[in-house]
Amino acid sequence: MLGAVVSSAGSLRLPFPVFASAARRTMQQPPLSTQRPRPLSPPHASASSLAPSESSRRPWLLVGLGNPGKIYQGTRHNVGFEMIDFIAESEGISMSTMRSRALFGKGFIRDVPVMLAKPQTFMNASGESVGPIISYFNVPLNQVLLMYDDLDLPFAKLRLLPKGGHGGHNGMRSVINHLKGSHEFPRLRIGIGRPPGKMDPASFVLRPFNKKEQEELDFAFQRGLEAVRILVDEGLNKGATFVNSAQSQVLNS
């Protein structure tokens with residue numbers, strides 16, 4: 001069943017997928033791994049060869065929310081998936097394994113260990129995947145970043161916040177419920193805008209992006225990637241200052 005979402009304004013949000021280039025690829029889903037987690041370490045380096053500041057840094061868990069399946073690709077409800085795909089492709093992180101009902105990958109961003117996840121449970125049951133991943137790897141909640149769509153933000157605008165409620169988003173509601181009501185974790189909200197005029201929100205969220213929207217969204221993903229890089233390396237406050245400020249509208253090349 002689709003993950004319908006009721007916004008704070010009372011309008012219905014339905015699930016919508018991704019449309020980044022990486023998200024269009026059909027991905028093989030190998031069997032759930034039964035091995036215990038291994039410590040992350042930078043490629044081609046042993047733990048003993050790392051500087052203390054590198055080897056002791058705690059991993060981040062980055063989670064994008066969405067709905068699995070080709071039918072949802074290219075629509076607004078899956079921009080969380082697409083943000084994860086953009087990060088994975090940019091940082092060379094493979095999302096080729098399954099863990100706790102999520103497409104999953106491990107890698108590094110600026111020498112900081114990260115885990116990327118795209119729950120395959122459908123939006124309304126996102127917590128059934130996110131909760132077990134957090135528990136399995138014992139990730140502190142302040143090291144978990146959730147990325148998801150937001151009808152109440154203008155299209156392609158981003159907001160990085162340290163905590164908050166679900167705001168009527170059923171995917172976030174499910175995650176919070178599976179964390180025993182805790183909402184003390186960062187989140188990157190990705191604006192998808194409101195439907196024009198009197199258009200039904202259910203129809204709006206399932207429309208494909210036009211060329212101009214795709215360009216704007218790709219730019220937003222680039223800003224989101226840079227915010228994540230700053231976040232894991234320098235802390236949430238600096239990442240939030242970058243992406244939330246007016247200056248974040250233009251990236252320095």
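**How the pieces pack**

Modeller: Let's begin with a helix pair: helix 6 and helix 7 pack at an angle of about 160°, with their axes 7 Å apart. Keep in mind that this is a predicted model.

Biologist: Let's zoom out. How many helices and strands does the protein have?

Modeller: The protein has seven helices and nine strands. It has 253 residues, and 53% of them count as buried. Among contacts between residues at least 6 apart in sequence, 74% join residues at least 24 apart.

Biologist: And the sheet? What is the strand order?

Modeller: Seven strands form an open sheet in the order 4-5-6-3-7-9-8, with mixed pairing. Strand 4 (97-99) and strand 8 (158-161) stand at the edges, and each has a single partner strand, so one side of each is left without a neighbour in the sheet. On average, neighbouring strands of this sheet are turned by 30° against each other, direction ignored.

Biologist: How is strand 4 joined to strand 5?

Modeller: By three bridges, with strand 4 antiparallel to strand 5 (residues 102-109).

Biologist: What about strand 5 and strand 6, how many bridges do they have?

Modeller: Strand 5 and strand 6 pair over eight bridges, in the antiparallel sense. Lys106, for example, has Met115 in strand 6 as its bridge partner. The hairpin of strand 5 and strand 6 also has two residues between the strands, and in this one Arg110 takes a positive phi near 55°.

Biologist: Why is strand 5 described as largely enclosed?

Modeller: Because seven of the eight residues of strand 5 are buried, strand 5 is largely enclosed by the rest of the structure.

Biologist: Which strands does helix 2 lie across?

Modeller: Helix 2 (residues 79-91) lies across strand 3 (60-64), strand 5, strand 6 (112-119), strand 7 (144-150) and strand 9 (187-191), and runs at about 145° to strand 6. Helix 3 (residues 127-137) lies across strand 3, strand 4, strand 5, strand 6 and strand 7, running at about 45° to strand 5.

Biologist: Helix 3 and helix 4, at what angle do they pack?

Modeller: Helix 3 and helix 4 (residues 170-178) pack at about 40°, and their axes are 8 Å apart. That makes helix 3 oblique to helix 4. Gly127, Glu128 and Val130 of helix 3 make the contact with Ser174, Val175 and His178 of helix 4. The crossing of helix 3 and helix 4 is right-handed.

Biologist: New topic: the inside. How many residues are in the largest nonpolar core?

Modeller: The largest nonpolar core has 40 residues, and those with the most contacts inside it are Leu62, Met83, Ile87, Leu116, Leu145 and Met147. Elements giving two or more residues to this core include strand 3, helix 2 and strand 6. Helix 6 gives the largest share, nine residues. There is also a second, separate core of 21 residues, which includes Ala102, Met115, Ile133 and Val175.

Biologist: Can you pick one residue for me to click on? Say Val228: is it buried or exposed?

Modeller: Val228 is buried, with a relative accessible area of 1%. Its place is in helix 6. Leaving out residues up to four places away in sequence, Val228 touches Leu62, Ile87, Ile109, Leu145 and Met147.

Biologist: How far apart are Val228 and Leu62?

Modeller: In sequence they are 166 residues apart, and in space Val228 and Leu62 are 9.1 Å apart, C-alpha to C-alpha.

Biologist: And what does Leu145 touch?

Modeller: With residues up to four places away in sequence not counted, the contacts of Leu145 include Trp60, Leu62, Leu160, Leu188, Val228 and Leu231.

Key:
Residues numbered from 1 in each chain as written. Predicted model: local features only at pLDDT ≥ 70, side-chain atom pairs only at ≥ 80, totals over all residues. Heavy atoms only, no water. Pairing = 2+ DSSP bridges. Helix = DSSP H or I, 4+ residues; strand = E, 2+ residues; numbered from the N terminus. Axes fitted to C-alpha atoms, helices over the stretch in contact; angles between N-to-C directions. Contact = heavy atoms within 4.5 Å. Core = buried A, V, L, I, M, F, W, Y, C linked by side-chain atoms within 4.5 Å. Buried < 20%, exposed > 50% of the residue type's maximum accessible area, 1.4 Å probe, protein only. Parallel < 35°, antiparallel > 145°, perpendicular 65-115°, else oblique. Left-handed = near helix turned anticlockwise from the far one by under 90°.
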